[in-house]
Amino acid sequence: MTRQDICNEFHSQIVLIIPMLMAQLAQVSLGVADTVMTGRAGALDMAGVALSTSLWVPVLLFGQGVVLAVTPAVAQLRGQGDDDAIHQTLRQAIWLALGMSALLLTVTGVLSSHLELFGLDEELARISRGYLHAVMCGGPAYLLFIALRCSMEGYSRVRPAMVASIAALVVNIPFNYLFIFGKFGFPRLGGIGAGVATAITYWAMLGVMILFASRMSEFRTAFSRLEPPRPRVLIRLFKIGLPGALALLCEVSMFALVALMLAPLGAVEVAGHQVALNFSTLIFIMPLSIGMASTIRVGFAIGQNSPHNIMLATRVALGTALVVGILSALTTFCLCRQVATLYNADPIIINLAASLLILASCYQITDALQTTAIGILRGYNDTKAIFAVTFVCYWIISMPLGWTLGRTDWLGPAQGARGFWIAIIVGLSLAAICYLTRIRVLEKRLDAFLTAHHRPAQPL
């Protein structure tokens, strides 16, 4: 690898990373807007939306995780130059999104009909059920948006998703205002109004993506004719996407369960944990964007059958993640108290949150590396390894260790939230080691395969 090769690859990845970062920031801002605006409507509305979101988001992310298989599939086919197969994949991606939408609506409908099982009082259940029924109407639009986004990302077209995400923020806030507070003749729906606004926002995002797709020759050609579902293609995409979706579900549910395990320890422990988790989520956006970019670049290089380009894309992505992780760790460590103060004025909560942020700084580097490594493995379509590592490191190792350190005195005095964060550090670090090892194994296998079949590596 020459210095020029590295510079060219870094430029190619940065061009992808920046729009992805902007899109992620806009989507995180949607959740912030919902929380702030429903909080102004009342504590009950805010609680109803928070509960509904905790049920809705994992199901939605599962559907999204399956559809994410489209990105590496298109990127690899593009590397091979197989336009006919790409066009077929684009058409089948729509059917995949519709199929996952049916599952999404079914599961959410069942959950909304059994909210009493969660011990909710009548009014809170009414708000939560109304929110779920409203936001369900936008579920198919969101998964279709993801299908188009992944298809475009396979072509290294990432700006449409950025524009759509920014447009979503522009749409969401005014409609929240109209439906939550009942302005300009609209009904005052409180927390339910946030669900209505979110559903409208999802359709707006889809509309923006359709507009972009209509202007791209690749999509006009792909959708110039209708095509029925092709089970062979759909099953292949589903098999690739399912393990990744389960891994995403494992990660989301782990952090949700930590909050539930801390609840008996009091509001201070929960609040301190939420401050550290929220800030860490914001920091996480950057390595997530690097990982998404690495999926595209590695997938494209695999389609080229080029070990040189695969290793180049991998090394540049991991090197970028390492630098970002170091900067994130230093920022979190040096500004831990100032960050905690932004979230809360209670000195006890500030002290706890600051100590948790110091712990969080300890895993920023490994978290950046493991997140990027996941993106690289997605480029290989190696989602089974992602699920296996996630399940073992998070649920077999991290969660039991967190319970032991945080809630028991088996290894010393119970440490509460600190114990769970130590366990998270251990789990993420082990995951990073496993992912990096897996990447190296795949590189050696690919190199050996191409050598055995006398296929030369293609230059950049």
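Let's start with Arg440, which counts as partly exposed because its relative accessibility is 38%, in the range between 20% and 50%. Keep in mind as you look around that this is a predicted model. The partner of Arg440 is Glu443, and their side chains meet in a salt bridge with N and O 3.0 Å apart. Glu443 has a relative accessibility of 6%, so it counts as buried. How far apart are Arg440 and Glu443 in helix α16? They are three residues apart in α16 (residues 417-452), so about one helical turn separates them.

Another one joins Glu153 to Arg149, with their closest N and O atoms 3.2 Å apart. Both residues sit in helix α6 (residues 139-154), and they are four residues apart, about one turn of the helix. Are the two partners buried or exposed? Glu153 is buried, at 4% relative accessibility, and Arg149 is buried too, at 6%.

Then there is the pair Arg230 and Glu227, whose side chains meet in a salt bridge at 3.2 Å, N to O. Here Arg230 is partly exposed, with a relative accessible area of 35%, while Glu227 is buried at 6%.

| Salt bridge | N to O distance | Relative accessibility |
|---|---|---|
| Arg440 and Glu443 | 3.0 Å | Arg440 38%, Glu443 6% |
| Glu153 and Arg149 | 3.2 Å | Glu153 4%, Arg149 6% |
| Arg230 and Glu227 | 3.2 Å | Arg230 35%, Glu227 6% |

## Helices side by side

Now for the helix pairs. Two packed helices are described by the angle between their axes and the distance between the axes. Who makes the contact? On the α7 side, the residues include Pro160, Val163, Ala167, Val171, Phe175 and Phe179. On the α8 side, you'll find Gly193, Val196, Ile200, Ala204, Val208 and Phe212 among them. Sorted by class, this contact has 19 nonpolar and five polar residues, and no charged ones.

The other pair is helix α1 (residues 3-41) with helix α2 (residues 43-67), whose axes come within 5 Å and cross at roughly 145°. From α1, the residues Thr35, Thr38, Gly39 and Ala41 take part, and they meet Asp45, Met46 and Val49 of α2.

## Two asparagines in loops

Finally, have a look at two loops. What is the phi of Asn305, which is not a glycine? Its phi is positive, at about 55°. Asn305 belongs to the loop between α11 (267-303) and α12 (307-334), and with a relative accessibility of 28% it counts as partly exposed. Asn381 is not a glycine either, and its phi is positive at about 65°. You can find Asn381 in the loop that lies between α14 (347-379) and α15 (383-407).

Technical notes:
Residues numbered from 1 in each chain as written. Predicted model: local features only at pLDDT ≥ 70, side-chain atom pairs only at ≥ 80, totals over all residues. Heavy atoms only, no water. Contact = heavy atoms within 4.5 Å. Nonpolar A, V, L, I, M, F, W, Y, C, P; charged D, E, K, R; others polar. Axes fitted to C-alpha atoms, helices over the stretch in contact; angles between N-to-C directions. Buried < 20%, exposed > 50% of the residue type's maximum accessible area, 1.4 Å probe, protein only.
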